Amino acid sequence: YRQAKLLRKLNIPYLIFGQSVGPLNSPWSRWFAKKTFLGAKAIHLRDEESISILKKWGIQNFTQGTDPALSWLQTQKERNLKKQNILLLSLRNWPGFKLKNWLELSKPINEWAKKKNLKPMLLSMEPNSPKEKELFKAFPWEIYYPQSAREAFLAFQKANAAFTMRLHASV
């Protein structure tokens, strides 16, 4: 919202691309989202639920299509990258999920990785997030900090297996 507000103030048009709307669980989140979408010159949405929300808000300037990552994925499939014995883990700090829960989850992950002869490795999707850093400290695994979305994508491609809580970022 802040970026959109600044762009409007500077009279710089912006577009919203490859987006889903939600979850919008509070009046504040709905207000911020609506303000952000109302100011966009163009909007590209990924799903019917998001279209329904924008229509309820009276917003009509949108198109619908696939997640942009899916288009990119098709070109990347042709690459023959050597697989590594890595179980790539893309975890996110989940509301209500306590450190105790994460540590309980790490046990079966370690067991499965050992059985498959894979080395667990955490993939940082938010390297500047103090919450992510705090969460990752609890695990004995190596942490990979990609410098771009492309590097993160290549890490997924090289890994023999992945466990992720970030569906859209992982696709």
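Predicted model: local features only at pLDDT ≥ 70, side-chain atom pairs only at ≥ 80, totals over all residues.

Reader: Which residues of helix α6 are buried?

Author: Helices here are DSSP runs (H or I, at least four residues), as are strands (E, at least two), numbered from the N terminus. Buried means under 20% relative accessible area, exposed over 50%, and partly exposed in between, using a 1.4 Å probe and protein chains only. On the other side of α6, Pro130, Glu134 and Lys137 are exposed. For α6 (residues 130-137), the buried ones are Glu132, Leu135 and Phe136.

Reader: Within what arc do those buried residues of α6 fall?

Author: The arc is taken from the directions from the helix axis to the C-beta atoms. An α-helix has 3.6 residues a turn, so residues three or four places apart point the same way. The buried residues of α6 line one face of the helix, because seen down the axis they fall within an arc of 95°.

Reader: Is Ile143 buried, exposed or partly exposed?

Author: Ile143 sits in strand β6 (residues 142-144). Leaving out residues up to four places away in sequence, Ile143 touches Leu122, Ser124 and Phe136, where contact means heavy atoms within 4.5 Å. Its relative accessibility is 27%, so Ile143 counts as partly exposed.

Reader: How are the rings of Phe139 and Trp141 arranged?

Author: Rings of Phe, Tyr and Trp (its six-membered ring) pair if their centres lie within 6.5 Å; planes under 30 degrees apart count as stacked, over 60 as edge-to-face and the rest as tilted. By this rule there are 6 aromatic pairs. With centres 4.8 Å apart and planes at 5°, the Phe139 and Trp141 pair is stacked.

Reader: What is the strand order in the open sheet of 3 strands?

Author: Strands pair if DSSP finds at least two bridges between them. β1 and β2 (residues 42-45) are parallel over 3 bridges, and Ile16 has Ile43 in β2 as its bridge partner. The pairing in this open sheet is parallel, and the order is β1-β2-β3.

How values were computed. Residues numbered from 1 in each chain as written. Heavy atoms only, no water.
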